[in-house]
Amino acid sequence: MIPRHLTVVGIPGNRRLTLFAAAARAAGLPEPTVLPWRDLLRGDVRPAPGTLVRVDSPGEDEEVDRLLRGPALGVGYAPTRVEGTAAWYRGVTGALDRLAAAVRATPGAELLGDPAEIAAMFDKRATHRILTAARVPVPAALDQSAGPLLGWADLRERLAAAGLRRVFVKPAHASSASGVLALEFGPHGRLQATTSVELTAGVLHNSLRVRRYRDEREVAAIVDRLAPDGLQVERWIPKAAQHGRAADLRVVVVAGRATHAVVRTSRSPMTNLHLGGARGDLGAAVAAAGPRWPELLAVCERAAACFPHSPMVGVDLLPATGWQRFHVGEVNAFGDLLPGLTGLPGGPAEGLDTHQAQVAALLRRTTTTAPRNDAP
Ligand SMILES: Nc1ncnc2c1ncn2[C@@H]1O[C@H](COP(=O)(O)OP(=O)(O)O)[C@@H](O)[C@H]1O
Ligand SMILES: [Mg+2]
C-alpha cells in the first residue's frame with residue numbers, strides 16, 4: 001500500500017504522540033503531522049488534503065485545560081481544580097465537531113474515530129445507557145431520567161429510596177478519578193466518603209492522596225460542588241483482590257479485538273495509577289478467572305462494539321470478588337497509554353505495544369478499505 005499522510009490531534013511533544021510517532025516510523029509510515037489541541041480549540045483547523053486524522057487525548061496539558069475550564073472557574077482556576085468538567089466536555093465535543101466538519105471539507109482527508117462516540121465515552125451517564133442497551137454488564141446506576149441530581153440532599157434522598165448504601169459517585173465527565181467518591185452509609189447514620197478530593201476554602205482540588213471524610217457537612221459540601229457538572233452514581237462493586245489490594249483491569253481493544261490487558265491494584269477503592277495504584281499480576285488474574293477469562297475479554301469486546309467507529313478503546317473492567325463476574329466500569333476513548341505493555345500471548349497484538357498494535361490495524365485497514373469520502 002502507499003503510506004498515507006497522517007495527522008495526529010494531540011499535545012505536541014507529549015508521551016502519547018511520541019509513542020504513536022515511533023510506532024508509525026517503525027512501520028515505515030511518514031512522520032505524523034501534529035495538529036495541537038490548542039489550535040483546534042482556538043478554531044484553527046486546516047487538515048492537509050488526503051490526510052488520515054487520528055484524535056488523541058486533550059488531557060494533561062495546562063494550557064489546553066485552561067482554555068477549556070478557565071472561563072468556568074475564572075480567577076479560581078488551577079490545574080488541580082476538580083470543578084468545570086461540564087465546560088471541559090462542551091469545549092472538547094464542540095472542537096471535535098468542528099474538526100469533523102473541516103475533515104469532511106478537505107479532499108481525500110479522513111477522520112479516524114467519531115466525535116459522537118468520543119462524546120458518549122466522555123459522559124459516564126451516556127456510556128452507561130449505551131452499554132445497558134447492549135446488555136453489557138454494568139454496575140446498577142441511580143436512575144436520573146426524572147432529572148439530574150441537584151446536590152447532597154437530593155442524592156441522599158434518592159439513594160435511600162433506591163436502597164443503595166454503598167455507591168460510587170463520579171462526575172459524569174471525570175477522568176483520572178478526579179472528583180470520584182466511594183461512599184458508604186453505615187449503621188446509626190454513619191457515613192464515609194473515600195476520595196482524592198481535597199476541600200479547601202469551599203472549593204475542590206484533586207490531590208494525589210486518597211483520604212476519608214466522615215463529617216456529613218464536608219461530604220455535602222463536596223457533592224454540592226460536584227453536582228452542577230453532572231454526576232453518575234452507581235452501585236459499588238466489591239472488587240476482586242490480589243494480595244489484599246483491590247483489583248480491576250484495563251483492557252485495550254484495537255479494531256474490535258481485546259489486545260492488551262493490565263491489572264491495576266490498590267489499597268484504596270480507586271485503582272488509578274497516579275493514586276498509588278500499581279500494576280498487578282496478570283498471570284494470577286488469568287488463573288483466578290480460569291475458564292471465565294475468555295468471557296472477560298469477550299465482555300470488553302462487546303463494550304467496545306458499542307463504539308464501532310472508534311479504532312481503539314480502553315475498557316475498565318471491574319471483576320467482582322472471586323474473579324467470576326465482571327462489570328464494565330467505563331470505556332475510555334484514549335485508554336492506550338500503557339508504555340512497554342505488549343499484547344496478550346496468542347492474541348492479534350502479541351509482541352506489539354498498544355501503539356504498534358494500532359498502527360498495524362491501521363495498515364490492515366487502509367489496504368482493504370478505501371477512505372469513505374473518496375467514494376464516487
Ligand atoms: N461501581 C464501581 N464499583 C467499584 N469500583 C469502581 C466503580 N466505579 C469505578 N470504580 C473504581 O474507581 C476508579 C475510577 O473510576 P472510573 O469510572 O474508571 O473513573 P475515571 O474516569 O476517573 O478513571 C477505578 O479504579 C475503578 O476501579
Ligand atoms: Mg477509569
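**Exercise 1. Identify what covers the buried residues of helix 10, and describe how those residues are arranged.**

Solution. Begin with the cover, which includes helix 6 (124–133), strand 11 (245–254), strand 12 (257–266), helix 9 (282–289), strand 14 and strand 15; here helices (H or I, at least four residues) and strands (E, at least two) are DSSP runs, numbered from the N terminus. The model is predicted, so local features need pLDDT of at least 70 and side-chain atom pairs count only at pLDDT 80 or more, while totals for chains, interfaces and linings use all residues. Residues are numbered from 1 along each chain as its sequence is written, and chains are lettered from A and ligands numbered from 1 in the order in which they are written.

Next, list the buried residues of helix 10, namely Leu296, Leu297, Val299, Cys300, Ala303 and Ala304, where buried requires 20 or more other C-beta atoms within 10 Å of the residue's own, exposed 12 or fewer, and partly exposed a count in between, with C-beta atoms placed from the backbone. Seen down the axis of helix 10, these buried residues fall within an arc of 150° and so line one face of the helix, the arc being that of the directions from the helix axis to the C-beta atoms. The face turned away from the buried side carries the exposed residues Pro294 and Glu295.

**Exercise 2. Characterise the surroundings of Thr354.**

Solution. Thr354 belongs to helix 11 (residues 354–368), and it counts as buried because it has 26 C-beta neighbours inside 10 Å. Leaving aside residues up to four places away in sequence, Thr354 touches Val252, His260, Asp336, Leu338 and Leu341, a contact being a pair of C-beta atoms, placed from the backbone, within 7 Å.

**Exercise 3. Determine which domains and strands supply the shell around ligand 1.**

Solution. Start from the automatic or database domain assignment, which gives domain 1 (6–112), domain 2 (152–235) and domain 3 (239–362). The shell draws at least three residues from each of domain 2 and domain 3, and strand 5 (166–171), strand 9 (231–235), strand 14 (312–319) and strand 15 (326–332) each supply at least two.

Then count the shell: 22 residues surround ligand 1, the closest being Pro139, Ala177, Ile237, Asp248 and Thr271, where near means that the C-beta atom, placed from the backbone, lies within 6 Å.

Technical notes. Two residues are in contact if their C-beta atoms, placed from the backbone, lie within 7 Å.
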